[in-house]
Amino acid sequence: MSNKQNQPLPDLAYHPITTRAQTEQHKADDAIPVILATENGVPVYDKVHKKVVREYLLMSGAELPKQVTMLDDHEDATQRSIGSIRQLQTIGDELHGVSHWSKRSNAQAIKADVLDGHLTDMSVGAERLEETFIDTGKDAVVLGRKFKGPARVVTRWRPFHGAVVTRGADGRSVFSPTLRAYVSPDSFVEEETMTVAFRSHLESLGMPKETSDEQALQWLQDNTSRKAEQKEEAVTVDVEAVKRAAADEAAKAERQRVIDIRNTFRTAGLPDSFADGVITEGKSKADAAELALAELAKRSKVHGSITPVASEHESFRKAALDGLSQRMGHTFEGSEKAATGAGDFRHMRVLDLARKSLEFEGVSTRQMTDRDVAMRAFNGGVSMRASDGQAYLTTGNFSNLLLDAQNKRLLKSFMDTPSTYQTWVRQAESVPDFKTINRVRLGEVGNQPMVEENGEYKDMTLSDAKESYKVEKHGSLLSFTWEAMKNDDLGGFSRAVQLQGAAMKRTKNRSVYDLLFANAALSDSIALFHASSHGGNLDTLALSNANLNTAFSCMALQTGLNTDVILGITPRYLIVPFNLAATAEQILGSYADPGAGGSAAGNSNTLNIYGPQGPRKLTLIVEPLLDGNDTTAYYLAADYNVVDTIEMADLQGEETPVFEQDTAFIQDAVKFKVRQTWGVKAIDYRGLYKSTGGD
């Protein structure tokens, strides 16, 4: 039988979490990620039924606070507190968090035991809010999953603390360590997990497939010792190789996370300082996009005299806007919640919403035809822009609801569309007008001359060069016709808006690479890439380790504008077409030099200087636009903070697409305009290199 209780229950659930000792160099870290709970069943005593049952905490029902207290036991007392667990999130069938430790001596002592591996388990204290009890010998399906009694399936619960214990009840707690401290992007903790790759490797060495994780660890220990006794070190070497590969994979994923987050904020025209905090907190790309959109929404509010709006107007507007947004495909994720009452508008016909909006503003629609309602709702020909904030809330309410909802759709599409230029192109400060932007490159001070005794010091002069460009408008129109409104065809129009946002992002990305393709002359009348001038930054070498050496030398030996000072510039980005992506990934991902004979005797240990452990680190950028121009050409670019390369500037207020509307007098339609204004220019050749890949 099943007995579902919907009220909070008196006895509490205690489930295990797991951590694993940190490596020596990270023992001082205060943030230690842990698994607080899993959906594994653990034995507990059920006070109501007076028997031991297996209890399951379902992650779909977890109500997560911002943080929970961390204790040295399950006793809730101030003196037992040793810190807190924050950043709670469910991942699959696990509840993850990050433990932050108190500076009190008892807390630091326990943390030391955790880092040294003496303490590995914790237990989560949880308040059970809803559950289903399954009696002995009975089976039941709860939320699509089959359970066998005696069992207690908790479908809604709330964690309130985590306690360090000597042994947890969950069998996975010993063999699912997940310690990965949040550190700088260039320093990563090795994750000691029983990965699929690790198991596959052990099986290739002879371990039976049916071996459990616990037995696998013992098998590894026994066989490593046995091989060592026989002076056969292949197992040990291979295991270390797997560990290095796992650490490199984790490092690669972290680097990509950092790049994705920075690109998200740069796409929104926001400075890197916004991204720094998000990266440090370990947030995902999706979190970054949500925060960037929130910041854009905050900045889009009009700065001027706005008549205060009554709270009932605001409540109506928020509910209608969120309901309309949901109908057009917007989903509320994470901390973003739909306004109260949004569900009432989610399935409402467009005309009905227009009529309701007018009536809410005091306009009687009883004698109006559907067309009259539509035209009046569209504000009688007054032009509006999505960034006009709440000034419209006395008239044109429906028109701006549609405008704001579609603007949200446009911005999300723009932000979600992939592009690569943000990673390596400088995003300059937005400019206030269409005037020419002048970027001056100062020359370098030459080598210092010797001064004779009682001699005079000579004045040094700096030469300079100037590159100029302007911002330019890009955009197009789309219409929401009377017929579409009458037919309630909001989906087709919303899809068109979404495509506009994606097209604008692609256009902005294309404008950068068109500069590389055009290879136009700079202010010195010489092409950006030139085989004999500009330091010979144009070549015909195919992509390989040896030819990358040539590219590095070319950039390192670039000199000052009018001096022979060698600048020693180092490439940071390798930009390739999709056609060369596999070759580039092999070059940058191989520990041994791919060009040194591969696994041939004596060559497998030749260090790949461009590989994970090599000194020449390159960030790979794969851009399919390059395939449409030349499938064998590739580029290298330096860090724009070291030397100018390509620069992009937006018009102030148009860092993302602007959405405007106007009623078309000669058509039964409302016209929407999508516009964005930016400019892009190559500033300096010395941080750029191109090879056509012909040889």
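**A helix, a sheet and a pair of rings**

Let me begin with helix α16, residues 545–556, which lies across β18, β19 (571–576), β21 and β25, and which runs at about 40° to β21. Please keep in mind that what we are looking at is a predicted model.

Those strands belong to an open sheet of five strands, whose order is β18-β25-β21-β19-β20 and whose pairing is mixed. Because β18 and β20 (619–622) stand at the edges, each having a single partner strand, one side of each is left without a neighbour in the sheet. Further in, β21 and strand β25, residues 688–691, run antiparallel and are joined by four bridges. If you look for Tyr635 there, you will find that its bridge partner in β25 is Lys690.

Tyr635 also brings me to the aromatic rings. How many aromatic pairs does a search of the whole structure find? The search finds five. Phe529 lies in the loop between α15 (490–518) and β18 (538–539), whereas Tyr635 is in strand β21, residues 634–638, so the pair ties together parts that are 106 residues apart in sequence. Are these two residues, Phe529 and Tyr635, buried or exposed? Both Phe529 and Tyr635 are buried.

Now to the nonpolar cores. The largest has 72 residues, and the members that touch the most others are Trp424, Phe480, Val512, Tyr513, Ile575, Ile646 and Phe672. Taking Ile575 as an example, and leaving aside residues up to four places away in sequence, we see that Ile575 touches Trp424, Tyr513, Ile621, Leu626, Tyr634, Tyr635 and Ala637. There is also a second, separate core of 25 residues, which includes Leu36, Ala107, Ile110 and Val114.

Finally, the chain as a whole. The protein chain has 17 helices and 25 strands, and buried residues make up 46% of its 695 residues. Of the contacts in the protein chain with a separation of 6 or more, 70% are between residues 24 or more positions apart.

Note on methods:
Residues are numbered from 1 along each chain as its sequence is written. This is a predicted model: local features need pLDDT of at least 70, side-chain atom pairs count only at pLDDT 80 or more; totals for chains, interfaces and linings use all residues. Side-chain values use heavy atoms; hydrogens and water are left out. Rings of Phe, Tyr and Trp (its six-membered ring) pair if their centres lie within 6.5 Å; planes under 30 degrees apart count as stacked, over 60 as edge-to-face and the rest as tilted. Helices (H or I, at least four residues) and strands (E, at least two) are DSSP runs, numbered from the N terminus. Buried means under 20% relative accessible area, exposed over 50%, partly exposed in between (1.4 Å probe, protein chains only). A nonpolar core is a set of buried Ala, Val, Leu, Ile, Met, Phe, Trp, Tyr and Cys residues joined through side-chain atoms within 4.5 Å. Contact means heavy atoms within 4.5 Å. Two strands pair if DSSP finds at least two bridges between them. Axes are lines fitted to C-alpha atoms, for helices over the stretch in contact, and angles run from 0 to 180 degrees between N-to-C directions.
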